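Please read the numbered points with the sequence and the model in view.

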Amino acid sequence: MANAPDDASVSREKTSGRTALQRVVERYLRYLTIERGLSANSLQAYRRDLDRYTEFLTQQGITEPGGITPEHSRAFIAWLRAPKLEGGLELAASSTGRAASSIRSLHRFMEDEGEVSEDATRDLRSPKLPSRLPKALTVDEVQRLLDAASGDDPQQLRNRALLELLYATGARISEAVSLNVDDVIDRDFVRVLGKGGKQRIVPLGSYAQEALDAYLVRVRPRFAAQGTGSPRLFLGVRGGPLSRQSAGLILQEIADRAELGKSVSPHTLRHSFATHLMQGGADVRVVQELLGHASVSTTQIYTKVTQDALREMYATAHPRAR
């Protein structure tokens with residue numbers, strides 16, 4: 001691997017003046033500032049990536065845009081990922097991916113400006129990011145969360161209905177607070193409006209039905225009387241629609257009360273819904289339909305979650321697993 005500069009030399013300007021490549025980079029950064037209106041933080045990230053790139057190329061004797069080859073750009077990405085013991089920066093895949101995006105954008109700009117005849121990064125690939133598996137609660141943890149939402153005052157009845165619906169349907173919290181009263185169909189189903197305006201019909205289990213019944217009969221009319229007649233299913237105490245932010249705060253407060261010892265985000269119940277269905281033997285395409293995923297490949301991550309759980313259980317229980 002070619003020798004490359006350290007971080008100190010990356011930020012050090014040449015005292016002998018700018019090279020042609022550095023001048024093009026400065027023009028590109030001005031373009032990002034004036035034409036694209038990028039934020040200061042974004043510009044700082046672009047400058048850091050491109051300063052590293054130009055200094056790396058300078059070390060290879062490349063000071064003109066036309067001298068850059070695909071091999072140079074690939075060597076730069078390899079240097080960013082290489083261990084420090086080998087002279088690299090040992091950046092994370094996410095940081096390297098951002099740098100790859102930065103230099104691809106620079107090369108497109110240089111091609112558009114006529115500085116180069118061909119984009120040397122056209123086939124440059126970013127490092128593959130490790131897949132982040134969704135975090136789901138166990139069935140017992142969901143029960144503890146729902147128990148913490150129990151109570152008999154109006155807000156508690158509403159909050160329990162909201163959480164039961166989220167876990168029963170796998171709805172996004174934005175979808176749940178956008179529901180209207182008439183989206184609950186004969187107690188048994190709920191009509192959810194998902195991304196891209198796509199509707200899906202999701203069954204309601206008996207626990208969610210009972211919680212919604214208690215809220216609709218005992219609480220919602222009281223809240224609605226304080227407002228201007230919103231059709232939304234979930235209302236605040238003043239009768240207005242419950243906002244996504246308020247629903248998120250309600251969930252966080254209940255999670256803190258449940259003392260689960262882990263972070264619970266609005267998406268956690270959606271992940272738990274899908275994971276528990278898969279663990280119970282549901283077909284991945286059924287789960288896809290219930291979640292409203294456009295592609296089954298998005299849903300298949302829950303297959304991986306289930307396989308990991310089975311592998312862990314097997315390793316713990318089988319006498320010859322280890």
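1. Glu-259 is exposed, because its relative accessible area of 64% is over the 50% cut-off. This residue is found in the loop between α11 (244-258) and α12 (268-279). Most residues other than glycine have a negative phi. Please note that the model is predicted.

2. With a relative accessible area of 65%, Asp-186 is exposed.

3. Where do the buried residues of α11 lie? Those that are buried in α11 are Ala-247, Gly-248, Ile-250, Leu-251, Ile-254, Ala-255 and Ala-258. Viewed down the helix axis, the buried residues of α11 fall within an arc of 160 degrees, so they line one face of the helix. They pack against α6, α7, α8 and α12. On the face of α11 turned away from the buried side are the exposed residues Leu-249 and Asp-256.

4. The largest nonpolar core has 49 residues, and the members that touch the most others are Leu-145, Leu-162, Leu-163, Leu-165, Leu-233 and Phe-234. Two or more residues come to this core from each of α6, α7 (154-169), α8 (173-177), β2, α9, α11, α12 and α13 (284-291). There is also a second, separate core of 29 residues, which includes Phe-56, Leu-57, Leu-80 and Met-110.

5. Leaving aside residues up to four places away in sequence, Phe-234 touches several residues, among them Arg-158, Leu-162, Leu-165, Leu-212, Tyr-215 and Pro-241.

6. Turning to charged side chains, the structure holds 15 salt bridges. In one of them, the side chains of Arg-187 and Asp-213 meet at 2.6 Å, N to O. This pair links distant parts of the chain, 26 residues apart: Arg-187 is in the loop between β1 (184-185) and β2 (189-193), and Asp-213 is in helix α9 (residues 206-218). Arg-187 is partly exposed, at 38% relative accessible area, and Asp-213 is partly exposed at 27%.

7. Another salt bridge joins Glu-111 and Arg-122, with the closest N and O atoms 3.2 Å apart. Because Glu-111 lies in helix α5 (residues 93-112) and Arg-122 in the loop between α5 and α6 (139-148), the pair ties together parts that are 11 residues apart in sequence. Are these two partners buried or exposed? Glu-111 is partly exposed, with a relative accessible area of 27%, while Arg-122 counts as exposed at 52%.

8. A further salt bridge connects Glu-26 with Arg-18, the closest N and O atoms being 3.8 Å apart. Arg-18 counts as partly exposed, at 33% relative accessibility. Through salt bridges that share partners, Arg-18, Glu-26 and Arg-47 are joined into one network.

Conventions:
Residues numbered from 1 in each chain as written. Predicted model: local features only at pLDDT ≥ 70, side-chain atom pairs only at ≥ 80, totals over all residues. Heavy atoms only, no water. Salt bridge = Lys/Arg side-chain N within 4 Å of Asp/Glu carboxyl O. Buried < 20%, exposed > 50% of the residue type's maximum accessible area, 1.4 Å probe, protein only. Helix = DSSP H or I, 4+ residues; strand = E, 2+ residues; numbered from the N terminus. Core = buried A, V, L, I, M, F, W, Y, C linked by side-chain atoms within 4.5 Å. Contact = heavy atoms within 4.5 Å. Arc of directions from axis to C-beta.
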